[in-house]
Amino acid sequence: MNRKTFLITSLGFLGWRDLAQFKIQKTYSISELTGKGLTDLYSLKIPLLKTVAKAFLEMQNEAKKENISIEIVSGYRSYNKQKIIWNRKFNSNAINGLKIQKNIKKIIEYSTVPGTSRHHWGTDVDLIDGSKTKEGDVLITKKFNEKGTYWELKKWMDKNAENFGFVLAYTNDPGRKGFNYEPWHYSFAPISVPMLKSYLDLNLKEVLITSGLEGKEYLSHDFISKYIDEHILGINHILKSF
Ligand SMILES: [Zn+2]
């Protein structure tokens, strides 16, 4: 049995309470954790870590049998790409008159501070059903609700995704803080759980205060503590099971 088969069948068989058994012994560097140096990437048009890409392809094949065409709209994202998104939103909010504090509060409803995105890890994906006609913005919550374009995908993922290692990160649990509900964002837990553990050991203040980031003067010690608590840890409890 090769490693991939072992991983996938074991996850399905053992269930998530035994996630700790999948000790991925590698330690992760600051650059790997912040979108500045992940090397083990495999490109399915959109790059992901190799192990994640393999698990994704297995899941995609299974879904295909039930006429669901899982398509990745976002996978690995570099620090620089996240910085471009951040600065664009910041400048646009500023033009619309938002003061720095409100500006950042608005950005972090959906977007991460560069250096803190789970998409930097190559383990997280935003998914849609590629067989459906794309109209406007695809990552809209109501499109994943009952009678929405991606309702069938959503139902399939609810039932099957965890058997392949993919866990919904930003659930609609009312007790969860941080980012809004994102029914499209899944994380490959066998790798993202140990990555998060490694990530929490970093000095985030050092990571975040980087030249060229708009609004960086607002990223104080208090802001960062709250951000870790609510945004970085405001995720599905399965993804914190280390
Ligand atoms: Zn996402």
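Predicted model: local features only at pLDDT ≥ 70, side-chain atom pairs only at ≥ 80, totals over all residues.

Student: Fine. How many helices and strands are there in the protein?

Tutor: The protein has nine helices and six strands.

Student: And what share of the 242 residues is buried?

Tutor: Buried residues account for 35% of the 242. As for contacts, take those between residues at least 6 apart in sequence: 75% of them join residues at least 24 apart.

Student: Which residues of H4 are buried?

Tutor: Gln82, Trp86, Phe90 and Asn93 are buried in H4. Looking down the axis of H4, these buried residues fall within an arc of 65°, so they line one face of the helix.

Student: Which ones are exposed on the other side of H4?

Tutor: The other side of H4 has Asn80, Ile84, Ser92 and Ile95 as exposed residues.

Student: What do the buried residues of H4 pack against?

Tutor: They pack against helix H5, residues 100-107.

Student: How would one describe two packed helices?

Tutor: By the angle between their axes and the distance between the axes. Here the axes of H4 and H5 come within 10 Å and cross at roughly 135°. H4 and H5 are therefore oblique to each other.

Student: Is that crossing of H4 and H5 left-handed or right-handed?

Tutor: The crossing of H4 and H5 is right-handed. On the H4 side, Trp86, Lys89, Phe90, Asn93 and Ala94 make the contact, and on the H5 side Asn103, Lys106 and Ile107 do.

Student: Now H5 itself. Which residues of H5 are buried?

Tutor: Asn103, Ile104 and Ile107 are the buried residues of H5. They fall within an arc of 90° when seen down the axis of H5, so they too line one face of their helix. The buried residues of H5 pack against H4. Gln101 and Lys102 are exposed, on the face of H5 turned away from its buried side.

Student: Change of topic: loops. Where is Asn67?

Tutor: Asn67 is in the loop between helix H3 (50-64) and strand S3 (70-74). Phi of Asn67 is near 60°, a positive value in a residue other than glycine.

Student: Is Asn67 buried or exposed?

Tutor: Asn67 is exposed, because it has 10 other C-beta atoms within 10 Å and 12 or fewer counts as exposed.

Student: And what is the phi of Lys147?

Tutor: Lys147 has a positive phi of about 75°, although it is not a glycine. Lys147 sits in the loop between strand S4 (124-129) and helix H6 (151-160). With 7 C-beta neighbours inside 10 Å, Lys147 counts as exposed.

Student: Last one. Where is Asp173 found?

Tutor: In the loop between strand S5 (166-168) and strand S6 (185-188). Asp173 is partly exposed, with 13 other C-beta atoms within 10 Å.

Student: How far apart are the C-alpha atoms of Asp173 and Ile235?

Tutor: The C-alpha atoms of Asp173 and Ile235 are separated by 9.5 Å, and the two residues are 62 residues apart along the chain.

Methods:
Residues numbered from 1 in each chain as written. Buried ≥ 20, exposed ≤ 12 C-beta atoms within 10 Å, placed from the backbone. Helix = DSSP H or I, 4+ residues; strand = E, 2+ residues; numbered from the N terminus. Arc of directions from axis to C-beta. Contact = placed C-beta atoms within 7 Å. Axes fitted to C-alpha atoms, helices over the stretch in contact; angles between N-to-C directions. Parallel < 35°, antiparallel > 145°, perpendicular 65-115°, else oblique. Left-handed = near helix turned anticlockwise from the far one by under 90°.
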